[in-house]
Amino acid sequence: MLCGCTTTGFNARAITWKTYNNYRYSFEFPYPSNWISLPTPENDDGIAFVSPHHNSVVIRGWASHQIPDTITDGKGKINSNFRTTQGISGVLVVEVNQQISSMTLTLTQGQMQYYWQGQSDSQEFQDYYRLFYYIAQQYRIPKS
């Protein structure tokens with residue numbers, strides 16, 4: 001269903017970027033500078049940004065001390081299918097549904113779990129896939 005969805009042809013240099021830094025959990029990721037931040041949660045575990053062109057297009061990053069059930073191989077190891085440019089392995093899940101589609105990255109380090117997600121209306125998901133993938137690649141966490 002997502003044939004041809006790669007970062008080929010995506011020009012990150014054509015976008016003006018800002019970087020969100022979460023000081024509580026020490027993660028960061030780039031976002032387009034014209035995107036609008038939503039109010040941050042009181043616990044400061046992350047943030048969400050909305051596209052100025054489509055309010056259904058949202059990117060968010062957050063972290064948690066508690067590790068929920070992870071995708072494992074039965075031996076307690078995570079089945080990684082993705083690597084950030086920082087060299088951290090994680091799990092990238094793309095869900096294409098009738099109304100909303102999303103890309104969610106999960107990175108685990110020690111007792112921390114880090115997340116990044118991009119979502120849009122399913123009709124527009126192919127337009128944002130390359131952007132979401134690029135941002136997921138740039139997500140940075142503290143190295144162990």
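I looked up Phe 29 and, setting aside neighbours within four places in sequence, found contacts with Lys 18, Thr 19, Tyr 20, Ile 47, Phe 49, Ile 59, Arg 60, Gly 61, Trp 116, Ile 135 and Tyr 139. The model is predicted.

Next I checked the largest nonpolar core, which has 29 residues. Phe 29 is among the residues that touch the most other members, together with Phe 27, Ile 59, Tyr 114, Trp 116 and Tyr 139. Two or more residues each come from strands S2 (27–32), S4 (46–50), S5 (58–64), S8 (100–109) and S9 (112–121) and from helix H1 (125–138). H1 gives the most, with 7 residues.

I then turned to Pro 30, which is in strand S2. Pro 30 counts as buried because its relative accessible area is 12%, under the 20% limit. Leaving out neighbours within four places, I list its contacts as Trp 17, Lys 18, Thr 19, Ile 135 and Gln 138. The C-alpha atoms of Pro 30 and Tyr 139 are 7.4 Å apart, although 109 residues separate the two along the chain.

For the rings I count 16 aromatic pairs. Tyr 31 and Phe 49 are stacked, at 3.8 Å centre to centre with 15° between the planes. Tyr 31 is in S2 and Phe 49 in S4, so this pair ties together parts 18 residues apart in sequence. Both Tyr 31 and Phe 49 are buried.

Trp 62 and Tyr 115 are also stacked, at 4.9 Å and 15°. The pair joins S5 to S9, so parts 53 residues apart in sequence are tied together. Trp 62 is partly exposed at 25% relative accessible area, whereas Tyr 115 is buried at 12%.

Last, I noted a cluster linked by ring pairs: Tyr 20, Phe 27, Phe 29, Tyr 31, Phe 49, Tyr 114 and Tyr 139.

Definitions and conventions
Residues are numbered from 1 along each chain as its sequence is written. This is a predicted model: local features need pLDDT of at least 70, side-chain atom pairs count only at pLDDT 80 or more; totals for chains, interfaces and linings use all residues. Side-chain values use heavy atoms; hydrogens and water are left out. A nonpolar core is a set of buried Ala, Val, Leu, Ile, Met, Phe, Trp, Tyr and Cys residues joined through side-chain atoms within 4.5 Å. Buried means under 20% relative accessible area, exposed over 50%, partly exposed in between (1.4 Å probe, protein chains only). Helices (H or I, at least four residues) and strands (E, at least two) are DSSP runs, numbered from the N terminus. Contact means heavy atoms within 4.5 Å. Rings of Phe, Tyr and Trp (its six-membered ring) pair if their centres lie within 6.5 Å; planes under 30 degrees apart count as stacked, over 60 as edge-to-face and the rest as tilted.
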